[in-house]
Amino acid sequence: MDYFDILVSILGSTIRLSIPLLFTALAGLFSERAGIFDIGLEGKMLAAAFASACLAYVTGNPWLGLLGGIAVSIIFSLIHGFASITNRGNQIVSGVALNFVAAGLTIVLGQAWFSQGGRTPQLAGDARFSPITLPGVDLMRDVPYLGPLYVNVISGNNILTYLAFAAVPLSWWVLFRTRFGLRLRAVGENPGAVDTAGISVTFLRYRAVIVAGFLCGFSGAYLSIAQSAAFIKDMSAGKGYIALAALIFAKWKPVPVMFACLLFGFLDAFANFMQGKAVPGIGEVPVQIFQALPYVLTCILLAGFIGIAHPPKAGGVPYTKER
Amino acid sequence: MAVSVIRPLHVRRPEKERQRRVSQHPAIELVGIDKSFGTVHANKNINLKVEKGTIHGIIGENGAGKSTLMSILYGFYQADRGEIRIDGKPLTIRDSQAAIAAGIGMVHQHFMLVENFTVLENIMLGAEGGQLLAKGVAGARKELKRLETDYGLDVDPDAVIEDLPVGKQQRVEILKALYRSADILILDEPTGVLTPAEADHLFKVLKVLRDQGKTVILITHKLREIMAITDDVSVMRRGEMVATRKTAETTVEELAELMVGRRVLLRVEKGEPRPGKVLMSVKNLTVKDSRGVTMVDDVSFEVREGEIVGIAGVAGNGQSELLEAIAGIRKPASGEILLDGQPIAGADPARLRALGLAHIPEDRHHMGLVLKFEEYENAVLGYHRDPRYGKGGLLDLKAIRAEAAEKIEKYDIRPPNPRLKTANFSGGNQQKIVVAREIERDPKALIIGQPTRGVDIGAIEFIHRRIVEMRDAGKAILVVSVELDEIRSLSDRILVMFAGKVVGEKTAEAGEQTLGLMMAGIAA
């Protein structure tokens, strides 16, 4: 394999590994921009992955699986909303609790329903989202450099991948060009301004967390019925937290969120590639070092090496009218 | 989301406005408004009439119920009983949206602005004129332009709020209300954050608004403002509306008495100062803030025994950093501070206390008190190492509580309960807790930031008297306040700070205008 082939292969897997991060980070973007911290992204993703796998298995239709994932994820969002918006509870505690609920419930239900140790049954080919071949692949195949990139990186992904990238400009447009977006950003900065303008803070924040649930549904479905063909216990494996880190790294802006997710995806892909390979001049390096890279980077980023990240000012603070 | 009922007014509604002028109903009539929060009876059977096209002042001490009453009018709270009539018609105001629809606009004490939004975005928020922003923007710009020419309220629509000075931010709040075609404008303590010049400008704007037929309600606790600008004034005390007067037919003294319920001394009574030797001196002091910006720039002055030196200035001109540097909270970048001949620059607060320097901080909530502590705990905060209060790491609670009870009695702190959580005391009483703690240690020098911010008139009088007593006992006192009246009535000498420098020194007799110009950096 020459270096270019290696690059193409790593880029291809970068895309695949970035997608769940991207959906999840965009979900966090909507929630946190509205002032609701969401550490429960991880749990929502996991619950959605489980629900998608179950429904896709039962119905044989990936779209119904996706819908199921979205529904379950939105239910989780509403619980988070009920705790933190309606009852003004601590948003971190509520999110962590939901993560535990998701981790436990998926295993228990999975075991009860399918008796495969928490796994769901393997999906048949058409019950999951399969790779799509974009037009022109045959023509492009022989073009030097661009050809392999087009064929192996841009083409050949499943529909959710393309939706994820489409969601980036769409999120930007919603946040910065619509009335809903203006109000959502305002409520995350100064809910008092929204309230005195005669807009319901509660309803606005509920809508924001529902959007977050909707997007997490996609990331869960991607894990279990696009990237894999079954739900495996704990398959989100901390991606929800990495997505949060990407969100902070990107300073709560949609387009930088995409690049941050791609960066984390790339590190992950690189770690996979380095398994069992010798580093020139050093020799074989334990693969754990590469696997730790995304987490090390997260620590470095969160410790403030990216300059000060200003979260939405009212983030994490329940809104109470003051006397 | 319910579709916004607010119609951004891009065209005037001449017909409606004419009708309004013709009808002779009061703009607002409140009948028997009553509101309780738990056991607190915030508004008791309030009756109020505000005539159209007037500026109506509502005055009262902190906690008198002014803000609650206005929050009811603006739909933030529902009254338990009573009726609101707007233009003669009874109206239920369920939420702010209903208030806005009824033509009521409010400028809050703490601005309700999104700081990282532009002026235009803030004004459009809640009245965007459609699902997509692009649609409303052109109309909003046009309307802003019209408001600018009609009322002389110019602001750059594309400026970001956090980059604007407070005076301009307030203007945006007023524009927000006018943009929603408010006929009645409520302003809650609008001058608290303004320079004297900005306040004057605000008053001019309010007069223009009145002359154009708008009704203005001004909530304040500053008597001077009431006299300067209102047509009528209503006084609230302990949740009741105790009187309404024509401003021209009343006096400051009468209003003060109505507010407090007894005669109060508005001027600080003090004799001639008898300054002794120099006790505190600051030499070429430079202080930087956490971002490295120079906030205090090569400042030198002295404070003698038995005198009060006041530092006047608009908030944010380095006074806070100066205080913090002297109090040992912030390390100066360069320069010297001497207390009784000893260099103290960079010493920590505990050592400064031991040397006889007491500090009443500007912000009692952030620095002076731990609000969740009980009163007696705060009464010894910072002096807890004193052997009188315990030995070997254990506190002698009995001794501490006994002393706290003594101070409560001496300073008339209410309610007189050392076991009450500090957050449950009123602003004035909280300030008295801090004042008692610092003064009763009998320090040699006392530095005070905002001695009476958010404190009611009765407590102001008390605290001022204590400070003068300290002076007469030969202490050196440095007072920083953004209230020019307070500086003028307390100080024996006045230093004015602007942009980190002391731009001049005046005697207490200096006129308000002279000082005001110096504070704005115009004259020295």
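Colleague: Which residue in the turn of the hairpin formed by E9(B) and E10(B) has a positive phi?

Modeller: This is a predicted model, in which local features need pLDDT of at least 70, side-chain atom pairs count only at pLDDT 80 or more, and totals for chains, interfaces and linings use all residues. Residues are numbered from 1 along each chain as its sequence is written, while chains are lettered from A and ligands numbered from 1 in the order in which they are written. Strands (E, at least two residues) and helices (H or I, at least four) are DSSP runs, numbered from the N terminus. Two residues lie between E9(B) and E10(B), and the one in the turn with a positive phi, about 45 degrees, is B:Arg238.

Colleague: How many bridges join E9(B) to E10(B)?

Modeller: Strands count as paired if DSSP finds at least two bridges between them. As an example, B:Val235 has B:Ala243 in E10(B) as its bridge partner. E9(B) (residues 232-237) runs antiparallel to E10(B) (residues 240-246), and the number of bridges joining them is six.

Colleague: And which residue of E9(B) is the bridge partner of B:His56?

Modeller: E9(B) is also joined to strand E3 (residues 55-60) of chain B, here by five bridges in parallel. In that pairing, the partner of B:His56 is B:Asp232.

Colleague: How many residues of E9(B) are buried?

Modeller: A residue is buried if 20 or more other C-beta atoms, placed from the backbone, lie within 10 Å of its own; it is exposed at 12 or fewer, and partly exposed in between. E9(B) is largely enclosed by the rest of the structure, because its buried residues, out of six, number five.

Colleague: What about helix H2 (residues 66-73) of chain B: how many of its residues are buried?

Modeller: Among the buried ones are B:Lys66, B:Thr68 and B:Leu73. Just past the helix, B:Gly75 takes a positive phi of about 80 degrees. H2(B) is mostly covered, with its buried residues numbering eight of eight.

Colleague: Which are the edge strands of the six-stranded sheet in chain B?

Modeller: The sheet is open and has mixed pairing, in the order E16-E17-E18-E13-E19-E20. Along the sheet, E16(B) and E17(B) (residues 445-449) pair in the parallel sense over four bridges, with B:Leu357 opposite B:Ala445. An edge strand pairs on one side only, and here the two are E16 (357-360) and E20 (501-507).

Colleague: Is B:Ala312 buried or exposed?

Modeller: B:Ala312 lies in strand E13 (residues 307-312) of chain B. Leaving out residues up to four places away in sequence, its contacts (C-beta atoms, placed from the backbone, within 7 Å) include B:Leu484, B:Val496 and B:Met519. Because B:Ala312 has 28 C-beta neighbours inside 10 Å, it counts as buried.

Colleague: Over in chain A, at what angle do helices H1 and H6 cross?

Modeller: Axes are lines fitted to C-alpha atoms, for helices over the stretch in contact, with angles from 0 to 180 degrees between N-to-C directions. The axes of H1(A) (residues 3-33) and H6(A) (residues 146-154) come within 9 Å and cross at roughly 30 degrees. The contact includes A:Val8 and A:Ile15 of H1(A) and A:Pro148 of H6(A). So, to repeat the value, the crossing is at roughly 30 degrees.

Colleague: Which helices give two or more residues to the side of chain A that touches chain B?

Modeller: In total, 19 residues of chain A are in contact with 26 residues of chain B. The helices of chain A giving two or more of them are H8 (179-189) and H9 (191-196).

Definitions and conventions. Contact = placed C-beta atoms within 7 Å.
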